[in-house]
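Hello,

I am passing on the structure we spoke about, together with notes on what turned up in it. Please look through the model first and then read on.

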Amino acid sequence: MTSPAPQDLVITQAGLADWPVVRGWAVDEGWNPGHADSEAFFAQDPEGFFIGRVDGEPVSAISVVNYGADYSFLGWYLVRPDVRGQGYGLTTWKTALAHAENRTVGLDGVVDQQDNYRRSGFEFAHRTFRFSGTAPAVEAPADVRAVRPEDLAEITAYDSACTPADRPRFLAHWLTGPGHHAVVRRTGGRVTGYGVIRPGHDCPRIGPLFADTPEDARALFAALTADAAGREVAIDVPETNAAGVALAEEAGFTPSFETARMYTGPVRPYAQERVFGVTTLELG
């Protein structure tokens with residue numbers, strides 16, 4: 001796929017080898033991308049990543065990752081700072097959105113772009129705050145353990161109840177990625193929550209943190225931060241989950257970054273009360 005645009009911009013689908021330069025732009029924006037995020041992202045939809053070039057040099061990027069037949073998620077919308085204001089971003093946006101076809105598209109938009117997203121048909125759902133702080137020195141609870149291969153099917157089913165779409169391909173990589181530490185809590189013989197912490201450019205990030213109850217979430221949070229005691233850790237918490245906000249504040253974390261979850265249409269019902277921390281702002 002190619003798309004001519006202002007000043008000879010050419011937009012093509014991107015491969016995994018193209019993405020380090022885009023990740024570098026995200027670092028410069030202060031997004032704190034995870035070290036091994038890209039492999040899991042591309043596993044979900046390898047055709048959902050796009051890059052714009054002028055004279056062969058990357059100037060813009062975006063991802064529109066499809067989850068099944070009904071839902072897609074937009075992220076990584078970036079234009080190199082020295083060439084902004086020339087129409088590269090909007091042209092890249094329009095080209096990539098065609099990949100979603102008739103699916104509802106979601107995104108987590110930064111504050112200064114939300115009006116633009118509204119003009120493109122996205123409607124506000126809720127705010128999400130990135131909380132960060134020094135991980136407390138606590139012991140990992142005995143009833144929380146590392147995820148094992150035999151847990152994958154049950155965790156995938158649990159995850160599906162907490163998100164607008166099934167994502168088994170993504171999870172298979174996310175739970176086992178380099179440096180990723182995934183934990184699960186079982187109560188009464190069933191999964192009552194799971195979470196992942198992974199290394200990021202600036203500090204480790206927790207995501208997701210899905211749990212049945214605040215008690216489950218606290219236990220998982222303690223297990224995830226146990227090995228990071230004394231270090232800065234970040235977690236993205238939906239404002240709609242008051243217990244999640246309270247959990248972050250009880251740990252001494254403070255909000256440092258704000259986005260808005262927005263959709264172009266309806267999404268299937270999911271257990272938003274279980275979402276104490278979103279998986280990633282780039283892929284939902």
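**Pockets**

The lining of the second largest pocket is made up of 7 nonpolar, 2 polar and 3 charged residues. Please keep in mind throughout that this is a predicted model. The volume of this second largest pocket is about 160 Å³. Its lining consists of Y67, G68, A69, D70, Y71, T104, P164, A165, D166, P266, V267 and R268.

The largest pocket has a volume of about 720 Å³. There are 32 residues in its lining, and those nearest its centre are Y77, L78, V110, Q113 and Y117. Two or more lining residues come from each of strand 5, helix 3, strand 6 (104–110), helix 4 (114–119) and strand 13 (254–263). Strand 5 contributes the most, with 6 residues. By class, the lining of the largest pocket has 15 nonpolar, 10 polar and 7 charged residues.

**Cavities**

Rolling a probe the size of a water molecule over the atoms shows where empty space is left. In this model the search gives 2 cavities of 30 Å³ or more.

The largest cavity has a volume of about 210 Å³. Its lining has 20 residues, of which C162, T163, P164, R261 and G284 are the closest to the centre. In this lining, 12 residues are nonpolar, 6 are polar and 2 are charged. P164 is also among the residues that line the second largest pocket.

The second largest cavity holds about 30 Å³ of space. L209, F221, I235, V237, G244, L247, A248 and F276 line it. The lining of the second largest cavity has 7 nonpolar residues, 1 polar residue and no charged ones.

**Helix 1 and what covers it**

Helix 1 runs over residues 19–28, and its buried residues are W19, V22, R23, W25, A26 and V27. Which elements cover these buried residues of helix 1? The covering includes helix 2 (37–44), strand 3 (49–54), strand 4 (57–67) and strand 5 (71–79). After helix 1 comes G30, which has a positive phi near 80 degrees.

**Aromatic rings**

Over the whole structure there are 16 aromatic pairs. One of them joins F41 and F170: the ring centres are 6.4 Å apart and the planes are at 20 degrees, so this pair counts as stacked. F41 belongs to helix 2 and F170 to helix 6 (residues 168–174), so the pair links parts of the chain that are 129 residues apart. F41 and F170 are both buried. They also belong to one aromatic cluster, which is formed by W19, F41, F42, F49, W76, F170 and W174. W19 is also one of the buried residues of helix 1.

**T91 in helix 3**

T91 sits in helix 3 (residues 88–97). Is T91 buried or exposed? Its relative accessibility is 17%, so T91 counts as buried, the cut-off being under 20%. A polar atom of the T91 side chain lies 2.9 Å from the backbone oxygen of G87.

**Backbone geometry**

Most residues other than glycine have a negative phi, and most peptide bonds are trans. Some places in this model depart from that pattern, as listed here.

- The peptide bond from G207 to P208 is cis, and its omega is near 0 degrees. P208 is part of strand 11 (residues 205–211).
- N32 is not a glycine, yet its phi is positive, near 55 degrees. N32 lies in the loop between helix 1 and helix 2. With a relative accessible area of 4%, N32 is buried.
- D55, also not a glycine, has a positive phi of about 55 degrees. D55 is found in the loop between strand 3 and strand 4. With a relative accessible area of 72%, D55 is exposed.

Regards

Technical notes
Residues are numbered from 1 along each chain as its sequence is written. This is a predicted model: local features need pLDDT of at least 70, side-chain atom pairs count only at pLDDT 80 or more; totals for chains, interfaces and linings use all residues. Side-chain values use heavy atoms; hydrogens and water are left out. Helices (H or I, at least four residues) and strands (E, at least two) are DSSP runs, numbered from the N terminus. Buried means under 20% relative accessible area, exposed over 50%, partly exposed in between (1.4 Å probe, protein chains only). A polar contact is a pair of N or O atoms within 3.5 Å; within protein, one must be able to donate a hydrogen and the other to accept it, and residues adjacent in sequence count only if both atoms are side-chain atoms. Contact means heavy atoms within 4.5 Å. Rings of Phe, Tyr and Trp (its six-membered ring) pair if their centres lie within 6.5 Å; planes under 30 degrees apart count as stacked, over 60 as edge-to-face and the rest as tilted. On a 1 Å grid over the protein atoms alone, a cavity is a set of points where a 1.4 Å probe fits but cannot get out, and a pocket is an open set with protein on both sides within 12 Å along at least five of seven lines; lining residues have an atom within 4 Å of a point. Grid points are joined across faces, edges and corners, and a volume is the space filled by probe spheres set on the points. Ala, Val, Leu, Ile, Met, Phe, Trp, Tyr, Cys and Pro count as nonpolar, Asp, Glu, Lys and Arg as charged, and the others, Gly among them, as polar.
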